[in-house]
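Biologist: I'd like a close look at one part of this model: how the strands pair up. Start wherever you like, and please spell out your cut-offs as you go.

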Amino acid sequence: MVSPLDHKILRDLWRMKGQALAIGMVIAVGVGMLVMMTGLVTSLNETRAAYYERYRLAEVFAPVTRAPDRMVTRLAAIDGVSAVEPRVVGAALIDVADFDLPVQAQAVSLPDLRNPRLNDVFLTDGRMIDSDHTDEILLLEAFAQAHDLRPGDRIDATMNGARRSFQVVGLAQAPEFLYTTAPGELIPDDARFGVIWMSRSALAAAYDMEGAFNEALLSLSRGANEAAVMDAVDRILDPYGGTGAYPLADQASNQLVSEEISGLEAAAAGVPPIFLAVAAFLLYIVINRMVQSEREEIGLMKAFGYTNTEVGAHYFKLVLAIAIGGALAGCLLGIAGGRALIQVYVAYFKFPFLVFQLDPASFVTGVSVSILSASAGGLLVLRSVFALTPASAMRAPAPADYSRTGAIGHTLNRFLDQPSRMVLRRITRQPARMAGAMIGIACGMALSVSMITIYAGFDRTIDLTFNVIDRSDIAVSFTHAASEETIFNLRRMEGVTYVEPVRHVPVVLRNGLATHRGVVAGLSPDTRLSRALGSDLVDIPLQNGGIVLSTALAVKLNIRPGDVLTAEVREGRQPVLQIPVTAIAESLLGSPAYMDLATLNRALREPNRVSGAYLSIDEAYATEIYAALQDMPTVAGVSLKSQAEVAFQTLMNTGAGAIRYVMGAIAFVITFGIVNNAARIAYAERSRDLASLRVIGFTRGEAAFVLLGELAIVTLVALPVGSVLGYYLSFGIAAGFSSELYQIPAVFDPASYGFAAMVVLGAAVASGWLVKRDVDRAELVSALKTRE
Amino acid sequence: MAQNAFSTRGITKVYGEGRSAVHALRGVDLDIPEGEIVVLLGPSGSGKSTLLNIIGGLDRATAGDAFFQDQNLSEMTDRQLTLYRRDHVGFVFQFYNLMPSLTARENVELVTEIARDPMEPDAALAMVGLRERVDHFPAQLSGGEQQRVAIARAVAKNPTVLFCDEPTGALDSTTGRAVLNVLKDVNEKLGATVLIVTHAASQAAMADRVIHFADGGIREVVVNDTKLTPEGIEW
Ligand SMILES: Nc1ncnc2c1ncn2[C@@H]1O[C@H](COP(=O)(O)OP(=O)(O)OP(=O)(O)O)[C@@H](O)[C@H]1O
Ligand SMILES: [Mg+2]
């Protein structure tokens, strides 16, 4: 036999189905998000690992200026190395029909007559190259698609200063080029960086590398000591201009993939708890109200000899039913969402196949965490269930004391009609209950505010990066550290209004155990286009000999102004420098480090050298300037800021950053849920009063006014409170969206607050309307007969 | 002579504190032998329900001792009181107190579920003439019908003691007599001690013992030599 109390649970659930459903949905979204995101992260990690393994991606990369082939045997002999593949890589420029400027590219060799031992390619279209034909190449598929190139097409490319025509025989993908970023740029862009694979012999001929290689790829045997292997590699390659071996973790493409995956991971860890906390809060409010209104029933059960535990268990089961229902729905939601989203991400990361894997642990976590958080809400209520004694519970609670309305009351009474007075008295006489409703709505406001300001934060990142920190139109990089004369040549070009030199030097920065592989930018003292700015957006002077780090870099290296940093230069004489950190610069893109150009050159003992320039131009001369730049032999690459900005926007809207739209939508749904819940509860608490009002002759409108006036006042008070909460919450959310690639600041944006307030007010109006409809429909007799 | 079902010594009950304190009971000494029908009469506010709540284990006295058989209710823990109510006590409340979300049958089942030797819920409802209404919710029943469900619920567990706070208050005299017959049956067939609070003085005629209550204390106890059956009572 089903126990009568279980019947009661089912009927209670049915009676409060609207609220139960709303709370269940919040739980479902939280759990669904958890299951989906962890499934997504697991699947992406597994897929990446499988892809890397299947195409034998190297674990250590060792660039070198020119090492003879016989060094390969010495590298292979290093303890812990399982395979070595030497190859030739070189910078190239590809002419494409749809761009004014040639696109930078990397040319990579594939061994003649055999498959590469490491860093294999995945042929997606066409055929492999035939090493007998030196003009045959494979193109990176993403680049080819961006420019509508197909096998059979011919392209012109400049390698090592010589321009040649090539035959595209196939398109390929490779695990080392999931993301491609042009040298000197931070933002990956399929269209603006290409990869060309060609036979080793053909490429060696183009770059004077016959019998030699300029990059060694190594894989390690199980349990090998990576650091020791890299040391040994560096010792062997040092005489040949080795610039330092680096691990896969530091490889550009892999690093970006890791950043994106950990961005998703952060969202997976940060967002569901918010939902579950909201759900626990709502459950607490709803169950608490239910227990208050069922005091008599609780007393009755106790009078019949039901124990505290049995009565508590009854209400607890209700909580559990909602929590478990929500959690199970969430699991299904998560599986469905995960399956859909993983497809998007597989395409986004360009993985050629998918290892779909759900993390069973996430189901367990999801269900148990939602039960726990729901229980936390429920347990608080159980205390008051236990506290009720059978006799006291069976007397209806004494009518609330409205007698002390004080002096203001008398003054107000003269101006207010009866319904308005009822609204005011209820608010002043039941402050705790009103505060509860107000805090709930304030939380909704806070959630909306913080999510909307994040959008402003993303805009701010773009604005600061492309309009404030970097004010140039064009960035030019040179093939090598050139003399300052190059700058004079650029200045003489017609239409170029301003030119600023820059020297980018590859370095490994170290502070204790923290290391960062990156670039130091040497800027001239009177820099105007590319600047190091403090948090107040004022130029930071660089002349005092130290290094200025961006915030993200200072955090990564755990270093403060005044500390001394070790910089291992990976170029030229490769000096190791000890440089004091003089200031922290505001930067939201990448992790730049700045030094004074002259100081940097002095430290390198290479005076008057520049590796690139920032240009500001007159748009009218753009075409002529592009043409002139193409003809300068020292120019290795040209990047247009407008294109970089578009690429950045794309990145933020397709990767981990895109989750902000999902979260924004969900925040609105939750806000509506909270406000609607508050309106429902107010209605349930007062439906008897409202019916009584109607019985004694108040109109529907007047009766609804008593209820909605209360909701309106509570909502209006909640807006400023929620704004303050939201301001602080936005810091946490901004931190969650920030990665090493870009940072999102928490900004105070009045428009966002206005918009969030509109959302909350909209939710209040909609809920009010729904409740008003119920007030209008309510049957007087049944409202008076039922106890609630 | 039979053992006492209840005896109380110096029971007082004070609601509230200080100047607003209400002395609902002012020292009640009482002995109720097992197996009797006892009727409690008294004006409104004299403390009848309060006394019932205390010897029924729903509430605690401010001072004094209340014994059920030889157990002192005043010294019992909450858990022991719960077990006392669960195992021995049947209650008919002054305000019916049905669960609005349960049907008539389920309201009875609520009690039979945890009772040691209960009747069939439907049989109990049939006794009070509600065989046809077992699947109705309280909101679908009239006041008198709700009261009869409450009575069925109280007798269905076959209680050792049965407390009825104005069981016929909402009933016409024909239905009221039927209900009193049910109470008499429970007393005779099960040997249950039955306490009935009523405002209808004529119902005292069916009692073994009549207690007159006034102002928080017992004014008079009358032991009837002859009892009338409910059929012979008019009110
Ligand atoms: N919870 C309470 N707080 C304060 N006073 C109370 C409380 N419960 C009862 N009283 C008071 O105690 C006194 C006795 O109440 P009780 O309910 O026992 O009366 P009664 O004899 O059952 O009356 P009636 O015949 O009207 O049901 C009354 O004066 C009542 O106002
Ligand atoms: Mg009473």
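Modeller: Let's start with S2(A), which pairs with strand S10 (residues 212-220) of chain A in the antiparallel sense over 6 bridges. Strands here are DSSP runs of E with at least two residues, helices are runs of H or I with at least four, and both are numbered from the N terminus. I call two strands paired if DSSP finds at least two bridges between them. Within this pair, A:Val84 sits opposite A:Leu218 of S10(A).

Before going on, a word on the ground rules. This is a predicted model, so local features need pLDDT of at least 70 and side-chain atom pairs count only at pLDDT 80 or more, while totals for chains, interfaces and linings use all residues. Residues count from 1 along each chain as its sequence is written, chains are lettered from A and ligands numbered from 1 in the order in which they are written, and side-chain values use heavy atoms, with hydrogens and water left out.

Back to the sheet. S2(A) and S10(A) belong to an open sheet of 4 strands in chain A, in the order S2-S10-S1-S11, with antiparallel pairing. Its edges are strand S2 (81-87) and strand S11 (246-247) of chain A, each pairing on one side only. Helix H6 (residues 226-237) of chain A packs on this sheet and touches strand S1 (60-68), S2, S10 and S11 of chain A; contact means heavy atoms within 4.5 Å. The direction of H6(A) makes about 10° with that of S1(A). For such angles, axes are lines fitted to C-alpha atoms, for helices over the stretch in contact, and the values run from 0 to 180 degrees between N-to-C directions.

With strand S14 (residues 514-523) of chain A, S13(A) pairs in the antiparallel sense over 10 bridges; A:Arg503 is partnered with A:Gly522 in S14(A). These two strands make a hairpin with 2 residues between them, and A:Gly512 in the turn has a positive phi of about 60°. S13(A) is also joined by 4 bridges to strand S16 (residues 564-569) of chain A, again antiparallel, with A:Leu509 opposite A:Ala567.

S19(A) leads us on to S12(A). Strand S12 (residues 474-483) of chain A and strand S19 (residues 609-617) of chain A run antiparallel, with 6 bridges between them. S12(A) also pairs with strand S20 (residues 635-640) of chain A, antiparallel over 5 bridges. A:Ala475 shows up in both pairings: its bridge partner in S19(A) is A:Tyr614, and in S20(A) A:Ser639 stands opposite.

Now compare chain B. There, 6 strands form an open sheet in the order S6-S7-S8-S3-S9-S10, and the pairing is mixed. Strand S6 (89-92) and strand S10 (217-223) of chain B are the edges, each pairing on one side only. From one strand to the next, the twist averages 15°. S6(B) and strand S7 (residues 161-165) of chain B pair in the parallel sense over 4 bridges, and B:Val89 has B:Val161 in S7(B) as its bridge partner. Helix H1(B) lies across strand S3 (37-41), S6, S7, strand S8 (193-197) and strand S9 (209-214) of chain B, running at about 155° to S7(B).

That helix takes us to ligand 1. H1(B) supplies 3 residues of the shell around ligand 1, the largest share; a residue counts as near if one of its heavy atoms lies within 4 Å. Residues from chains A and B surround ligand 1, so the site is shared between chains. Among the polar contacts (pairs of N or O atoms within 3.5 Å), a polar side-chain atom of B:Ser44 lies 2.6 Å from an oxygen atom of ligand 1, and a polar backbone atom of B:Gly45 is 2.8 Å from an oxygen atom of ligand 1.

How values were computed
Polar contact = N/O pair within 3.5 Å; in protein donor to acceptor, adjacent residues only side chain to side chain.
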